[in-house]
Amino acid sequence: SAIEYTIFISNSSNIQSQKVLIMDDGSTAYSQEFAMMSNPNMIASFSADVNSGNVRLLATPETGISGSTTIKFSKMIIE
């Protein structure tokens, strides 16, 4: 299967928008970030894994980012 996320993130005065494409073979997830925009700083990077049979989208804060972060997303699944 394949999953495409469109993501919007805000943290303090930072904003970020991007897409993440994920595919998996049931045991391994493969992900690619693309169409990334931010102002003034990137907030997080994204990856994926498979955990107990579920594909997870993982967010990792960029260096220097702390405090409350809001993430909004839409998800399209292709099966």
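The model is a predicted one, in which local features need pLDDT of at least 70 and side-chain atom pairs count only at pLDDT 80 or more, while totals for chains, interfaces and linings use all residues. Residues are numbered from 1 along each chain as its sequence is written, and side-chain values use heavy atoms, with hydrogens and water left out.

Although Ser52 is not a glycine, its phi is positive, at about 55°. The relative accessible area of Ser52 is 71%, so this residue is exposed (buried means under 20% relative accessible area, exposed over 50%, and partly exposed in between, with a 1.4 Å probe and protein chains only). A positive phi, near 55°, is also found at Ser12, likewise a residue other than glycine. Ser12 belongs to the loop between strand 1 and strand 2 and counts as exposed because its relative accessibility is 76%.

A further loop, between strand 3 (29-39) and strand 4, contains Pro40. The peptide bond leading from Asn39 to Pro40 is cis, with omega near -15°. Both Asn39 and Pro40 are among the residues in contact with Asn14, contact being defined as heavy atoms within 4.5 Å.

Asn14 itself is part of strand 2 (residues 14-24) and counts as buried because its relative accessibility is 7%. Its side chain makes a polar contact of 3.2 Å with the side chain of Asn41; a polar contact is a pair of N or O atoms within 3.5 Å, where within protein one must be able to donate a hydrogen and the other to accept it, and residues adjacent in sequence count only if both atoms are side-chain atoms.

The largest nonpolar core has twelve residues: Ile3, Tyr5, Ile7, Ile9, Val20, Ile22, Ala29, Ile43, Ala44, Phe46, Ala48 and Ile65. At least two residues of this core come from each of strand 1 (2-11), strand 2 and strand 4 (44-51), and strand 1 provides the largest share, four residues. Such a core is a set of buried Ala, Val, Leu, Ile, Met, Phe, Trp, Tyr and Cys residues joined through side-chain atoms within 4.5 Å. Excluding residues up to four places away in sequence, Ile7 touches Gln16, Ser17, Gln18, Val20, Phe46, Leu57, Ile71, Lys72 and Phe73.
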